[in-house]
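Q: Can you walk me through this model? Keep it short, please.
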Amino acid sequence: MAQPAPPAARRGQADQARHGEPRKPAATLRQRVLTAPPVWRELLLVVLFYTAYTLTRIVLVQDGTGPAFAHADQILGAERFLGLDVELHLNQTLLSVPWLARSANIFYATMHFIVTLIVVLWLYRYRPQHYRWLRTSIMTATGVALIGFWLYPLAPPRFLHNEGFVDPVTALHSLGLYASDASGTLTNQYAAMPSMHAGWSLWCGLVVVKLASQKWAKALGAIYPVTTVYVILSTANHYVLDAVAGFALIGGAAWVSWILYMRCPPPLLMARARVSQRVAHRVRRGTSERTAPGPAAVQGTPATGGGATRSTYNSGRTSQPA
């Protein structure tokens, strides 16, 4: 004769019948955090986020460049006071070596996107247990950077011809990010503070140095942010303080994301899971309502299967909560 289930088990069965699945413990939720999401969802998320980021940068272009140049004077004044104004020296030195300047222009235009994309794909494929919190950290930092672009438009050094800066792209008729008039008008060239070239490069470097297993890969990860900072300064696209702000932003976002994902208290994990389940339930219910056959379709079904179809359809309608 079967023994009756204990009270705790009966409560668990009741919860399962009421919610459709047993309540997940915090350990299971933490395990979910350590797995990579479906690839289609991540691709959609990246496309939507980067499109929104690019369009927002364009929208944030100010009607007039006065504030941007005033802020440039402030940045240069602060750097001279602190002894950090090395941009002009680096710019002049780079222009004295034309082949190096052309290489720096191409690096600035391409590696910012290529290296970041490669690191994201590598992280997703080979280090899925770290993917979620690292992906969230770079997206959060990039989103916060938009506030800086809006509140503090900043003219890059290459626009300050009276200070002696020269744009190596125009001076050498080289390939570059703003080599054509079209590319210059399709982006916000006054979005210099903070420098996300510097921020993204630091993120890539930290990921590779921390998670790569080969020593040569770790060495490349350490060299990449240093090279990026040299390029953005010598090509007169950013100031030293831009790079410092970009580094600080990525560091802060990574720390917060790590706390929320890897050290998140169990009650917060459970609350987040309940919210996710409710959202998913509403989405599934809305999808089922849109795809359910109408009365005409049900009436037009053959007699041999119409009764079963009509019964299933009506049952589905009445079982849904009001």
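A: The chain has 15 helices and zero strands. Helices (H or I, at least four residues) and strands (E, at least two) are DSSP runs, numbered from the N terminus. This is a predicted model: local features need pLDDT of at least 70, side-chain atom pairs count only at pLDDT 80 or more, and totals for chains, interfaces and linings use all residues. Residues are numbered from 1 along each chain as its sequence is written, and side-chain values use heavy atoms, with hydrogens and water left out.

Q: What is the mean pLDDT of the chain?
A: The mean is 77, and 64% of the residues reach 70 or more. pLDDT is the predictor's confidence in each residue, from 0 to 100.

Q: Which elements have the lowest and the highest mean pLDDT?
A: Helix α15 (residues 303-319) has the lowest, at 40. Helix α11 (residues 215-234) has the highest, at 96.

Q: Where does pLDDT stay under 50?
A: Residues 5-23 are one such stretch, with nine contacts beyond four places in sequence. Residues 179-184 are another, with six such contacts. Contact means heavy atoms within 4.5 Å.

Q: OK, burial. What share of the chain counts as buried?
A: Of the 322 residues, 36% count as buried. Buried means under 20% relative accessible area, exposed over 50%, and partly exposed in between (1.4 Å probe, protein chains only).

Q: And which residues touch the most other members of the largest nonpolar core?
A: Val 119, Leu 123, Leu 134, Met 196, Trp 203, Val 207 and Ile 250, in a core of 44 residues. Two or more core residues come from each of α5 (87-95), α6 (98-126), α7 (131-151), α10, α11 and α12. A nonpolar core is a set of buried Ala, Val, Leu, Ile, Met, Phe, Trp, Tyr and Cys residues joined through side-chain atoms within 4.5 Å.

Q: What does Trp 203 touch?
A: Leaving out residues up to four places away in sequence, Trp 203 touches Val 119, Val 120, Leu 123, Leu 134, Arg 135, Ser 137, Ile 138 and Ile 250. There is also a second, separate core of 14 residues, which includes Ala 72, Ile 75, Leu 76 and Leu 241.

Q: Now α5. Which of its residues are buried?
A: Glu 87, Leu 90, Asn 91 and Leu 94. They sit on the same side of α5, because they cover an arc of only 100° around the axis. The arc is that of the directions from the helix axis to the C-beta atoms.

Q: What do those buried residues of α5 pack against?
A: They pack against α4 (66-82), α6, α8 (168-171), α11 and α12.

Q: Switching to backbone. Where is the cis peptide bond?
A: The cis bond joins Met 193 and Pro 194, with omega about 0°. Pro 194 lies in the loop between α9 (181-185) and α10 (196-211).

Q: What is the phi of Ala 236?
A: Positive, about 65°, although Ala 236 is not a glycine. Ala 236 is in the loop between α11 and α12 (240-262).

Q: Is Ala 236 buried or exposed?
A: Ala 236 counts as buried, at 0% relative accessibility. Beyond four places in sequence, Ala 236 touches Asn 91, Pro 156, Pro 157, Arg 158, Phe 165 and Val 166. Ala 236 and Pro 156 are 80 residues apart in sequence, yet 6.7 Å apart in space, C-alpha to C-alpha.

Q: Last topic. How many aromatic pairs are there?
A: The whole structure has five. Rings of Phe, Tyr and Trp (its six-membered ring) pair if their centres lie within 6.5 Å; planes under 30 degrees apart count as stacked, over 60 as edge-to-face and the rest as tilted. Phe 69 is in helix α4 and Tyr 190 in the loop between α9 and α10, 121 residues apart. Phe 69 is partly exposed, with a relative accessible area of 28%.

Q: What about Phe 107 and Tyr 224?
A: That pair is tilted: 6.2 Å centre to centre, 50° between the planes. Phe 107 lies in helix α6 and Tyr 224 in helix α11, so the pair ties together parts 117 residues apart in sequence. Phe 107 and Tyr 224 are both buried.

Q: Which residues form the aromatic cluster?
A: Phe 69, Phe 159 and Tyr 190 form one.
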